[in-house]
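Visitor: I am new to this structure. Could you walk me through it?
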Protein chains: 4
Amino acid sequence: MLIDHYNKVRQHSLLLAEPLSDEDCGAQSMLDASPVKWHLAHTTWFFETFILETMEAAFAPFHPAFRVLFNSYYNGVGEKHPRAQRGLLTRPGMAAVRAYRADVDARISGLLASELARPEHEREYERLSILLALGLEHEQQHQELLLTDVKHLLAQSPLFPAYLDASSAAAPVPQHEQGAAWIAFDGGLAQIGHAGDGFCFDNELPRHPQYVAPFQLACALVTNGEYLAFIEAGGYCTAHLWLAEGWDWVRSQGLQCPLYWQRDAAGHWQEFTLYGLRPLDVLAPATHLSLFEADAYAHWAGARLPTEAEWEVAAQGIGVAVGPLPPGAGAPGAGLRQMFGHCWQWTSSSYAPYPGYRPAPGALGEYNGKFMLNQYVLRGSSCATPAGHARASYRNFFPAGARWQFAGIRLARQID
Amino acid sequence: MLIDHYNKVRQHSLLLAEPLSDEDCGAQSMLDASPVKWHLAHTTWFFETFILETMEAAFAPFHPAFRVLFNSYYNGVGEKHPRAQRGLLTRPGMAAVRAYRADVDARISGLLASELARPEHEREYERLSILLALGLEHEQQHQELLLTDVKHLLAQSPLFPAYLDASSAAAPVPQHEQGAAWIAFDGGLAQIGHAGDGFCFDNELPRHPQYVAPFQLACALVTNGEYLAFIEAGGYCTAHLWLAEGWDWVRSQGLQCPLYWQRDAAGHWQEFTLYGLRPLDVLAPATHLSLFEADAYAHWAGARLPTEAEWEVAAQGIGVAVGPLPPGAGAPGAGLRQMFGHCWQWTSSSYAPYPGYRPAPGALGEYNGKFMLNQYVLRGSSCATPAGHARASYRNFFPAGARWQFAGIRLARQID
Amino acid sequence: MLIDHYNKVRQHSLLLAEPLSDEDCGAQSMLDASPVKWHLAHTTWFFETFILETMEAAFAPFHPAFRVLFNSYYNGVGEKHPRAQRGLLTRPGMAAVRAYRADVDARISGLLASELARPEHEREYERLSILLALGLEHEQQHQELLLTDVKHLLAQSPLFPAYLDASSAAAPVPQHEQGAAWIAFDGGLAQIGHAGDGFCFDNELPRHPQYVAPFQLACALVTNGEYLAFIEAGGYCTAHLWLAEGWDWVRSQGLQCPLYWQRDAAGHWQEFTLYGLRPLDVLAPATHLSLFEADAYAHWAGARLPTEAEWEVAAQGIGVAVGPLPPGAGAPGAGLRQMFGHCWQWTSSSYAPYPGYRPAPGALGEYNGKFMLNQYVLRGSSCATPAGHARASYRNFFPAGARWQFAGIRLARQID
Amino acid sequence: MLIDHYNKVRQHSLLLAEPLSDEDCGAQSMLDASPVKWHLAHTTWFFETFILETMEAAFAPFHPAFRVLFNSYYNGVGEKHPRAQRGLLTRPGMAAVRAYRADVDARISGLLASELARPEHEREYERLSILLALGLEHEQQHQELLLTDVKHLLAQSPLFPAYLDASSAAAPVPQHEQGAAWIAFDGGLAQIGHAGDGFCFDNELPRHPQYVAPFQLACALVTNGEYLAFIEAGGYCTAHLWLAEGWDWVRSQGLQCPLYWQRDAAGHWQEFTLYGLRPLDVLAPATHLSLFEADAYAHWAGARLPTEAEWEVAAQGIGVAVGPLPPGAGAPGAGLRQMFGHCWQWTSSSYAPYPGYRPAPGALGEYNGKFMLNQYVLRGSSCATPAGHARASYRNFFPAGARWQFAGIRLARQID
C-alpha cells in the first residue's frame, strides 16, 4: 500500500517528463530554475541519502559523485555542485538518471519488503514510513517546480513551443469563475497551523493562537481582465502604487506586464502557456505575478493582500480541493472560490517560524527553517500542484520578485 | 517655545558636524551612507519642501536645483539626484549648505511669528506644528545616521582617525552592565502600538491587539566578550547556525568578526570607535552586528531573537531612558536593563504594516509605508540616538545585512 | 568536384558531433562557447543566408525564425538571438537542425547543378564558387570551435567524461618533440600577407612590406614540463612577471595553473583532455594558455613572444603541415618544428588591419574587420584545426584572457 | 637651476588646485579619475619613494602610512590603497598633504645642496638628476590628469560649476583653425622613436626603423561642427560604422553624443568646459572622444585613423609647440596644424613595446611597460598638457573607451 503510493508518485514525475526531449530535460533557463533531469535526480537523491544511506543494511551509493551533484542545499550532507551550473551537467545523461531512479526505487521496494516490516522493528519501520512520506511530498513539490521550470525554459525559444497539445489531458488548465464579491470574517483569537494526524511540513507547526481582526476576502481571484485594467490605467508607471523595492524592480527591468504576456503584431495580448502561445483569456485568474505586482494591484484596487493567518482562517471551513476544480463546480463553502487548484495566492506575511517552531534534527532540519528570511508566504495551491498535496495550513514561500510560479492575487480589506 | 525646540534640534545637527573638516562632510563611504553635508541639506530640504512650500505666502526656493539634489526618495516631490552620487556633489559646498540652513531657519521662524499664530488661523497653525514636529523627529533620525555614516567613513582611512578625543563629551559612549539573567513575561492578548497624545510615526499605529505567548527576555544585551566566545567556537564557520541567506552572505564576503573589529599585530582584538581604534571592551554590548549575525549567535546560544511584540510588551512597563544611562544607574524596571541608549536590538519581525495602517496622504505618505518589505525591525535605541527620540513603540528597521548601525542582540526564549 | 569538397567538409561537422548525445549538443558552458547544435545550425545558416538567399531562384527560408536564431554577429543581416542564451534553445532540437542541414545541402547541390553552371553564367558561378569556399572555410573554423567548446563543456562535469576513447582515431592528439634550440633569422624588409591564388581571408591582405629586425625563434613549443617549472618557481605569484591587466586577471580569479590542469589526491598533476582525465604529459606542448600566461612565461624565461610578422617570416620557408605531424616526422624546414598542428602560438601583435585593408562589401564585411580591437593574433594551427585549413599567413585572434583554445607558446628573442 | 625647474613644476601643481575647495580636492568621480588631493600627494610620494628613500642619508618617511596610501600601481614598492577608495580618504586632509609636499620639497632642496653636489659624487648626482627629471615629467603628466579629473568631477553637479572664470588665464582654452586639407607624405623606411639627448620616457625607445607606406594626413583636427554632422547623419545609430566592441559600448550605455555635450531646453547643443556650460563652438576641435567614436567618425568620413608611426613621421619636421598656439599663429610647418596643444590624437596603433624595448630595472620598470596591452596610443598633446612636456615621439595611451581626456581626431587616408 505504501509502496503503491510510492510508485504512483514516482511514476508521475516521469510522466511529466514524457513530452520532453533529452535536450529539454537538460537545460537550465535561469538561476532560480533547475533542469528537469536535475529534478528527477535530486528527488531520487533525497530517498537515497536520507533513507537508503541510513537504513539499508549494506549501503553503497549508486554513484559516488551523485552525493555532491544532486545535493540541493543540505550543508549537513556536504558539498554541493554549484546551482548556477546545473544546466551544464550533460553527463550523467538522461539515461543514466533514469537508471538511477530505477535503482533507488528497487532498493526502496526491497527495504519495504525486508525484515524491517516485521513487528519487532516497528519503531524503525515507522521512521521509514515518516521519511518516505516526506520524500514523496518533497517529490510532489518538485513536480510543480518541474512544470514551472519547463514553462520558463520553453518560453526562451522564439518558436514558443507547446509542452503539450491542447487536446492532451496531462497539463494543467487554469479554470475561471465569474463575479467577485467580498466575504466577511469575524475577528478573534484563531488557531493557526496544522491540526490532526495527517502529514504536514515542520513549518506548519506548532498550531498556536493568533489574534485576527475582522476582515473581508474577495470570493474569487483577480482575473486577467481585471489586471489588464490596472495596466491600462498606467499601473506599471505610477510610483506611489508600489513598494520602494518593487518600484526599483519595475524600473530597472523595464517591466510593463506579467511574465508571459506579450502583444502580437496587431497589438492583441497573448499569453505563453504550457499549450503554447494563446490569446489572453480575460476571465482566467491572473498568474505569474510577483508579490510586487500583487501588492501594487491591491493598492490600486483600494484593497490589500491578506495575511497568511487571515487566509488560513478563511480556508479552515473549506474541504481541500484535490487538483484543479472542474469549471462551474461551485465553491466548496462559504462562497469562497478558487482557494485551491488555480493560483497560489500571495500574502503580505513574511515567511517566519511559528512560535515554538522546531526544525527536524540533522541535515533534514535544513528543509525549511533556514529559508525564513526575505521570503513571503503564498497560500492555496495552483493548477500545477499535484493532486492531494495542498491543504489549508500549507505554507508556500518565494522572494517578492519571483514570477515564474503560478502565483496570483486574492484581495483582502479591513472592515470599517 | 516651539521655536526654541526647533532651534535646539537644528543646532544639534551643526554641533555634530563641528569636529569634521569640509572634506569629511563631503564624502560618501558606501551606497547606504550619505555625506554629512547631504544630511545637513536634506533635513533642511524637508522643512523647505513640506512646510515652506505649502505654507509660506510668497514661496521661492532657496535654489531651484536643491529640490532635486536633496530629495531622498519622495517620488511625489519629483526627480531625485542619484543616491550613489551624493559624494560627488562638491558643489554646493559646505558654506552654501550652511547658508541654506540659515535661510530656511529664518523663514521657519518668520512663519511661526507670522499671522498664522493668530487665533483665526488655529487649524493651519496646528498643521504647521504637526509638520514641524515631524520635521524635527526626521532631523533626529538623520542625526543618528550622520554619526553612523561618519564612523563608517573614518574607518576607511588606515590612519583610523578619531571623530572626537576621548576626553570630549560630545560623542556617544557605550555603557555596560554585568550579569545577564532571564526575565519572564506572561502571555496573553497585548495592546501593541503607540498610545497617548505624544508624537509617534505613522508606522506605530494603529494600536491593536496581538496575542503573545509566554516568553523570557535576557535582562541585558549580549556583550563583546560573549560574542567573542561565539567567534572562538567557530561561529563564522558553522553553516547550520546561519540562515541560508546569512551563510551565503558570510561566505561571499569572507566575514570572520563584526564590522569594526580587527586584530593588532600581536593578535589582540581592537575595535574602531568614534574615539579611534581601541582595545576591545569585553563588557560592552556587542554592536554593529547584522541580523544574520544576531540570529546565528542566538541559535548558537540556544535561544532566539525576540519578536517586536515581545520586546514592546516587555518595554511597556519601563520609562523611556533619555540618552545613555549612567553606568550602574540601575534598571528602570522589572530587572530589564539596556533597553534604551546602548544598541538597537534586532527582532525576528519583518517590518510590516500594523492591521489598519494608513500612511499620510501625499508625498509624506512615502515616509515609512513603502519600505515595509525585506526589512527587519529593531527596537530600543542606541548610544547615537538623540535624547528624547526613542520610545517603547518605536520601530526602527534595516535590511538583514546592515552592520553600520549601532545594532546588537537581546536574547529571547520560549518558556517550556 | 566542388560539390565533393562541400559534402566532405559538411559531413565532417556531423562526424565531430557523433560521439555526443543530444544533451551534450545543446548545452553552452560559458558566454564564449556555443552549443554544438548551434555550430551545426549557424554554419548552415551561413550558406542559406549568404548564398541561397542571394542566388536561389525562388528562395524561401527553411524556417523564418532561423534567420534571427542562428545569426552570430551580422548586424547587416538583422536581429540576433542573444549570445548568452544559445544554450536555452532546446527547440529547435537536434533532429530539426539535422533536417535543416540536409535541406540546405540539397539546395546547394541543386544550385551547383542548375543553369548557373552553364558558360553564360560564368561570372555568377564564379561568385558562387567564392562564397562556397568562404562558407566552407567558415565551417572549418567552427569545427575547431566545436571541439574546444565541447572540451570546455565536458570539463564542467565532475565525472570528467571523455569525448572519445583513447583507442579512437577521431580526436586530436597533441604530439611532442624534444630539444628546443634557437633559430636565427635575418632582419630586413619582408613581404607580409597572403600571396598567390589560393583562398585566404580578407584579413590576410593586402600583402605589404614590413621591416623586421633580426630575431631568433625557439625551434619548438614550450612543453608542459617547462611550464611546470614556471609554476614551481612561483610564476603565478610573482607580480613583476605579468602585464598589469594579467596580474589583475590572475589575482581576481585566483589562478595557479593552466585551464585544464588539476592535482589528484596524491598531488600529481593531471590534465583534462578530449580522452578524459590523464596524467600530465611533460613532453607535450603546454596548451590552453592565455596571452597573459604566455607573456609571463616568456618574461620569466628571459625571452619574449614573437610578433606576427616575425612568425610569418619564419614560416614562409615552410610547407604548411596538413593536420598534426606524426611524431618524429622531422621538421619541415630550417629546424623549426611544431609550427602547425599542435598549438596556436600567441604573438605580441594586436589584431589590426594591414595597410590598405578592405573588408568585403555588405554584411560579409563584418566577418573580420570589426573585431580588430583588443584582440591578439595567434599563428600556426592546432591539433583541432581541420586538415588543409591553416597556412603561413593565417591570422587567428582572441582576447588576451582566452584560455579554452589550443593555444601555446613559441618563444622569441632579440639578437644582441 | 635644477632646483628652480623643480620648484616651478611643483608650484604649478598647487596653482592648478588654487580655484578648488578642499571638498573639490577630495572627491573621486569615477574609478579612472583620482582626487586632486591624491594627485598632489602621489606625485610627492614619487619623489619621496624613488629619490629620498634611496639617496637621503638618514631617511625617515614623512608618515609611515603614506607609502601604501599614495602608491599608485608599483607592486615593487609594496601594498597599495585600493584605487576605488581614493575618494574616501578624507584623512589625511588637504592641510596634511600640503605639509607633505613642503616637507619633501625641502628635503629635495637639501639633497641638491648636499655633498652630493661635490665633484667626487658625480655619478650619484647624475642619477639624482635623472630621477628628478623623471619625477617632474611624472608630475606634469598628473597635472594634465588633475585637470581632466576635476572637469569630470565638476560635471557631476547639476549646478555645472566653472573651474575658472572665463576672464581668468589659468585654464586651457581650445583654439581652432579653419579649412582642413590633406597633406601627403612619402612612404619608406622611417626612423621611429626618440632621438637626441633630451628627456624621454622608456616607451619612446629604442629608435628603430619602421616601414611606412605613402599616406595622407588631414592638416587640421575634426571640428565640433564636423562631428555634429556625423551625429545628425545618425552616426550613433549605424552599426556598420563601428567596431564590434564599440557598437556594444554605444548600445549598452545608450550614448548619442560626446561626453560633455548636452542640449538645452530649446534643443541647442551645449558643452561643459572648465569655464562652465557653454554653447557648442562648432569651429573648435571635437574633444573628449573615445577611440570607438574616433574610429566610427573616420569610417563615416571615408577615412581612417593614422598609425602612430605615420603621425610621428609627419611630426618629425615640426618644432614642438609649447602649450596652445595663439589663434592664427600659422602652422609650424608643412601645412599641418594643431599637432600639439589642442587635443591628443587617437591612433589606430595598440600600445606595444618597440623592438628591443627595455624597462628600467626595479619598481620604476613598472612605469610604462606593464600597461602595453589593450590600450591605444594617442599622439600630440592637448590644451591641458603643461608647456614643454610633449614632443613628436611622445606616446600617450588609454583604453579605447576612455572619454574624459582631451582626445580628438586627425584623419588619415591611404594614397591610391
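Predicted model: local features only at pLDDT ≥ 70, side-chain atom pairs only at ≥ 80, totals over all residues.

Visitor: What rotation superposes chain A on chain C?
Guide: A rotation of 180 degrees with 0.0 Å of shift along its axis does so, with an RMSD of 0.0 Å (least squares on the C-alpha atoms of residues with pLDDT of at least 70 in both copies). That is the relation of a two-fold axis. In chain A, the C-alpha nearest the axis belongs to A:Glu23, 2.3 Å from it.

Visitor: Now the charges: how many salt bridges are there over all chains?
Guide: The count is 68, where a salt bridge is a side-chain nitrogen of Lys or Arg within 4 Å of a carboxyl oxygen of Asp or Glu.

Visitor: Which residue does D:Glu139 pair with?
Guide: D:Glu139 forms a salt bridge with D:Arg10, the closest N and O atoms being 2.8 Å apart. The two are 129 residues apart in the chain.

Visitor: Is D:Glu139 buried or exposed?
Guide: D:Glu139 is buried, with a relative accessible area of 0%, and D:Arg10 is buried at 2% (buried means under 20% relative accessible area, with a 1.4 Å probe and protein chains only).

Visitor: What about D:Glu308?
Guide: The side chain of D:Glu308 meets that of D:Arg379 in a salt bridge, 2.7 Å from N to O. Both D:Glu308 and D:Arg379 are buried.

Terms used:
Residues numbered from 1 in each chain as written. Chains lettered and ligands numbered in written order. Heavy atoms only, no water. Helix = DSSP H or I, 4+ residues; strand = E, 2+ residues; numbered from the N terminus. Buried < 20%, exposed > 50% of the residue type's maximum accessible area, 1.4 Å probe, protein only.
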